[in-house]
Amino acid sequence: MSRTLTRRTLTRRVLAGLVLCLVVLGGASLLGLRLHPVVVPAAIAAILATWWRLADRARAERSGWSAPWARDREVRHTLTHDRRLSALTWAVHGLRDGRTWERTLSPLLIDLVDHRLLTHHGVDRATDPDRARELLGPELSRLVDDPQTPPRSQGALTSLIARIENL
């Protein structure tokens, strides 16, 4: 089963499987059929697991933006002294679609960039964009100029996080 399943999703799926087993066994009993109480739930569990696995894969590979690096089984930890950046590194492994990037990760990264510019260099990106661009370099400038475009690989995201930390 995918490691990215949330506890709530897993609970819903288990409950749905149990309800389906009870309905099938109860319906068969009402019709006078004698179904094996172990084989039927096992067959239903196998069918549902296969169906949900294929649905998860199709959802992850949906047209538009996809993040194959977000589905990696191995998490590469970036050494960092800032808890926010460390948490961000782990959070990206749950990233499944562009909405997560646009709603959560991109604004967080830009907030971190602005915070680092202000606290470490005394530069406000809104009032001194030329100095901010000079400090940011091309990689981070692209992030703040076009926050809707996610990095192309896990390495690019890791590089962005490391660059923010070094800011």
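Predicted model: local features only at pLDDT ≥ 70, side-chain atom pairs only at ≥ 80, totals over all residues.
Residues are numbered from 1 along each chain as its sequence is written, and side-chain values use heavy atoms, leaving out hydrogens and water.

Leu35 sits in the loop between α1 and α2. Together with Leu20, Val24, Leu31 and Leu33, Leu35 makes a nonpolar surface patch of about 440 Å². Patch members have over 30% relative accessible area and no salt bridge (a Lys or Arg side-chain nitrogen within 4 Å of an Asp or Glu carboxyl oxygen); nonpolar side chains are joined within 5 Å, like charges within 9 Å.

Here are the helices with known ends (helices are DSSP runs of H or I, at least four residues; strands are E, at least two):

| Helix | Residues |
|---|---|
| α1 | 7–30 |
| α2 | 39–60 |
| α6 | 154–166 |

Overall, the chain has 6 helices and 0 strands. Of its 167 residues, 32% are buried.

Now for α6: Gln154, Leu157, Leu160, Ile161, Ile164 and Glu165 are its buried residues. Seen down the axis of α6, they fall within an arc of 135 degrees (taken from the directions from the axis to the C-beta atoms), so they line one face of the helix.

Terms used
Expected span 1.5 Å × (residues − 1). Buried < 20%, exposed > 50% of the residue type's maximum accessible area, 1.4 Å probe, protein only. Areas by Shrake-Rupley, 256 points an atom, 1.4 Å probe, with all protein chains shown as cover.
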